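This report describes the fold, the sheets, the domains and the ligand surroundings of the structure shown below.

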Amino acid sequence: MDVVLVGLPGSGKSAVGRRLAGRHHAAFIDLDELLELRVGRPVPVIFAEEGEAAFRRYEREAVLSLGPADPDPQVRRVIATGGGAVIDPRNRWLLYRGRFAVWLDGAPEVLGHRLGRSSNVRPLIVGRDPVAAIRDLAAARERFYAPALQIGATAQITPIVNALEERIADGPARSVMLLRAETAIGRVEIGQGIAAAAIGSALRRQQARRAILLAEPKTWEVAGAGIADALAADGWPVERILLPRGENAKRIRVVEQICRELARLHVDRKETLVAIGGGALTDAAGFVAASYLRGIPIVQVPTTLVGQIDAALGGKTAVDIPEGKNLVGAFHQPVAFVADVAFLATLPARQLRAALGEAVKMAVLGDERLFELIEEDGEAIARRDKGPSESGTLAELVERCAWAKVEVVAADEREAGRRMTLNLGHTIGHGIEAAAGYSSILHGEAVAYGLRGAFAIARALEMVPADRAARVSALLDRLGLGVTPPAVSREAVREHIATDKKHVLGRLNWVLPTATGVVVRSDVPAEAVAAGLAAALRLTPVANTGEASTRP
Ligand SMILES: NC(=O)c1ccc[n+]([C@@H]2O[C@H](COP(=O)([O-])OP(=O)(O)OC[C@H]3O[C@@H](n4cnc5c(N)ncnc54)[C@H](O)[C@@H]3O)[C@@H](O)[C@H]2O)c1
């Protein structure tokens, strides 16, 4: 077995690691030393000569060079990581999967004072007040350390090593938890094979007396039944409530049926629901939780890529009425959001591909690494190849999109400002979805058309460079998104846009791309909108090149 030590600078990873390795006659690997050996220069020199980005690249190569986790139940290797190694989602995937990961956790004041007395040069601390620097690092990194077993980083090494010894016999977990964060919009947990344990711990935190699982027939089959078995094996009485599949769950009469079922089960105000399903199920179950007894807690467990990167996060819940989709709803934040990428293995390819439309949107909002990831592996994800799941690429995509949404929503829960940016591509996208009667086009597919439209508008207004527009267009082409003209009329889309929810005092707020991100504008002239519509509906061949035509 490999034991991996993570934690802030000054938490004693090397000292503890050496002692632990000595006790087990295991190899000790200091990741920074390994990196220095490979690169042939000390870490402070790499930072000074090439900067942090290059250092992080070398660090990633060093993590990769560790090879597969050692399956021997005896401790064979103890690996002390640099404090920032686990920032990179792929490093975490490699370091936490099949290895016994331990977080040496110490108060920033204690670690800062320790570092102040140390002669080691720490590039991210140098020249700063060490306690303040450590406090900043702790705030930025805690969610990456938190999946590991937490042990207090006391001044004495022996008690730490003893505490560790007591737990090592458990061996590494079969699941891999990649991120755990307490946020203003609930606890967020992302990983693979984590669902049942994460739900169990959420229910314990809520002091629940039973597990009330809401699912639909398909998500019960692929996820719910396994979760129910695991929870029952852990001693939880389990109740199951099934909603209709897909969008059929989002009906007011379904909400009434579920509320009546909850009443029959004598569910009280303190009880917690667990929603297991795609965006439709989590929207409907979220609305039930927001309404029943004027609001009860809910744990959202999305089983689709759309659900994991978007729908189940952020507290928007809704059902449809004949007059329109999502017209009846409420804001209701879950107590926990659990994204388990293992569930994506059974998702139909079309669902995965469509969700990438939303992922491209999140990349355009300002995540260059996400952009590259979709450019490199998007097609493989859309084809349902095994590679992206095995390499942690799919998990990284989920984490990047989900965390970006957490940050936006935590800063602007009610969409008074920044949250509006998440609507990039959605004005024309929603128009197309509505014009198609929400039947033939999936949401992410519509967003891809909408993205093309938003870029064409921004080009017409000279807000975005041609090469950026061309890059997005080429990526959507490669993903096979928004390629063929949708079977909707321009007039119908235009009509739906005229009644869009993003209107404020009669003016429509457009989210439009710039060179590095997006801006919100309500002064978009009709000719630019016409250019956007033409590009989105694939009516103008020039739109393919990123060059918007102003022809309607
Ligand atoms: N609340 C929000 O902020 C928000 C954001 C985006 C979308 N949404 C809503 O989300 C809904 C779309 O969500 P969706 O794309 O997840 O679709 P969905 O919930 O309708 O699920 C799509 C299909 O996949 C099946 N499925 C679900 N998980 C599966 C799995 N793991 N394996 C195999 N099949 C599985 C379902 O049974 C269904 O047939 C829409 O109603 C949309 O309005 C809400």
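Two strands are taken as paired if DSSP finds at least two bridges between them. In this predicted model, strand β1 (residues 2-6) and strand β3 (residues 77-80) meet this criterion with 4 bridges, and they pair in the parallel sense. Within this pair, D2 of the chain stands opposite R77 in β3.

Both strands belong to an open sheet of 5 strands, whose order is β2-β3-β1-β4-β5 and whose pairing is parallel. Because β2 (27-30) and β5 (149-152) each have a single partner strand, they stand at the edges, and one side of each is left without a neighbour in the sheet. From one strand to the next, the twist averages 25°.

Strand β10 (residues 273-277) and strand β11 (residues 298-302) run parallel and are joined by 5 bridges. One of the residues involved is I276, whose bridge partner in β11 is V301.

## Ligand surroundings

Which residues are closest to the ligand? They are K218, G278, G279, A280 and T304, within a shell of 29 residues that surround the ligand. By class, this shell comprises 8 nonpolar, 13 polar and 8 charged residues.

Three helices, α9 (217-233), α11 (279-291) and α12 (305-311), each supply at least two residues of the shell.

## Domain arrangement

The chain is divided into domain 1 (2-174), domain 2 (186-347) and domain 3 (406-545). The C-alpha centres of domain 2 and domain 3 lie 30 Å apart. Their contact takes 8 residues from domain 2 and 7 residues from domain 3. On the side of domain 2 that touches domain 3, the residues divide into 4 nonpolar, 2 polar and 2 charged.

## Confidence of the model

The average pLDDT of the chain is 93, and 96% of the residues score at least 70. Over residues 542-552, however, pLDDT stays under 50. For this stretch the model has 33 contacts beyond four places in sequence. Where pLDDT is low, the predicted coordinates should not be read in detail.

Notes:
Residues are numbered from 1 along each chain as its sequence is written. This is a predicted model: local features need pLDDT of at least 70, side-chain atom pairs count only at pLDDT 80 or more; totals for chains, interfaces and linings use all residues. A residue is near a molecule or strand if its C-beta atom, placed from the backbone, lies within 6 Å of it. Ala, Val, Leu, Ile, Met, Phe, Trp, Tyr, Cys and Pro count as nonpolar, Asp, Glu, Lys and Arg as charged, and the others, Gly among them, as polar. Axes are lines fitted to C-alpha atoms, for helices over the stretch in contact, and angles run from 0 to 180 degrees between N-to-C directions. Domain bounds come from an automatic or database domain assignment. Two residues are in contact if their C-beta atoms, placed from the backbone, lie within 7 Å. pLDDT is the predictor's confidence in each residue, from 0 to 100.
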